[in-house]
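Student: Can we go through this structure together? I'd like to know what the labels rest on.

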Amino acid sequence: MTITENKIQAESLEWFYRESVPIGRTDLLPVLLLHGLVSQSYSWRNIMPAFAQQGTKSIAPDWIGFGFSAKPEKRDFAYTPDTFINALEAFIKAIELERFSLVVQGFLGSVGLQYALRHPEQIANIAILNTPVSQQAKLPWKIQQMGLPLAGEMMTQDPLLVDRTLEGGSRYVINDSDLDVYRKPYLKSSASGRSLLATIRNLQLNTAMAEIETGFQKWQQPILVQWGTTDPWLPTDIAQNFVKTLPQGELIKLNGGGHYPQEHHSEPILQDLLPFVRVI
């Protein structure tokens, strides 16, 4: 099954997204996959074809400011969670998604969880991979540094920050051919670095975590939490404590998985994720 690369205009912003479509008719609901910092939709490349094989359509966008989507200046796009949520709402409307499974990962993936709480009628179920979900979660120093005055401006213009962050969080060596895809936006334009800087400075993590922590205590749809146990930034007890508060939640530990488990742990992820998103 192939993954296609597409662009679409949603209000004033151009989104880049990857899509994998099953052959023939399917009654299964689609899946929306959202990446975290400093990643892009390419991180789902090992997950999406398996969805298509079981008859599940999947869509993975690059967040605005990331990958190959538009990178507006901060005067035109505030890079706050609310701004991302509003942009995501426009994207979902543009691609005509009505009801779907949601899969999120990482810092910024948490924005997807905030979207779900504000649009519960659209969400069939949610899978969470190593995403901040409570006020226990703190932005790691490796990413905090990128938002510092002066130092942040320089760090976010270095394409190698992608290598260091993705491999540091994964605790896994990523192929150079894959890193080339992640680096490309930073090599192409300084706008990528400015967007990353603005996102880190406006992440409003404490406020977002309070919304997520409170909101999901009343959430009635199933939630599957899959957690890389060697994540250096988000320890497993964050996931364990979160699942205890859920009306319908399950935790699957991915032994040896890091912060970006879809990069190097796709097979163990798919064992539980495929049946979970098999929803009509």
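Student: Which residue is the bridge partner of Ile128 in β7?

Tutor: Val225 is the bridge partner of Ile128 there. Before we go on: this is a predicted model, where local features need pLDDT of at least 70 and side-chain atom pairs count only at pLDDT 80 or more, while totals for chains, interfaces and linings use all residues. Residues are numbered from 1 along each chain as its sequence is written, and side-chain values use heavy atoms, with hydrogens and water left out.

Student: What makes β6 and β7 a pair?

Tutor: Two strands pair if DSSP finds at least two bridges between them. Four bridges join β6 to strand β7 (residues 223–228), so they pair, and they run parallel. Strands here are DSSP runs of E with at least two residues, helices are runs of H or I with at least four, and both are numbered from the N terminus.

Student: Why is strand β6 called largely enclosed?

Tutor: Buried means under 20% relative accessible area, exposed means over 50%, and partly exposed is in between (1.4 Å probe, protein chains only). Seven of the seven residues of β6 (residues 123–129) are buried, so the rest of the structure largely encloses the strand.

Student: Why is Gln135 called partly exposed?

Tutor: Gln135 has 39% relative accessibility, which lies between the 20% and 50% cut-offs, so it counts as partly exposed. You'll find Gln135 in the loop between β6 and α4 (141–144).

Student: How do you know that the side chains of Gln135 and Glu213 make a polar contact?

Tutor: A polar contact is a pair of N or O atoms within 3.5 Å; within protein, one must be able to donate a hydrogen and the other to accept it, and residues adjacent in sequence count only if both atoms are side-chain atoms. The pair Gln135 and Glu213 comes in at 3.0 Å, so it passes the distance cut-off.

Student: What makes Glu19 and Lys57 a salt bridge?

Tutor: A salt bridge is a side-chain nitrogen of Lys or Arg within 4 Å of a carboxyl oxygen of Asp or Glu. In Glu19 and Lys57 the closest N and O atoms are 3.3 Å apart, so the pair qualifies. Glu19 lies in strand β2 (residues 13–20) and Lys57 in the loop between α1 (48–53) and β4 (58–61), so the bridge ties together parts 38 residues apart in sequence.

Student: Is Glu19 buried or exposed?

Tutor: Glu19 has a relative accessible area of 14%, so it is buried.
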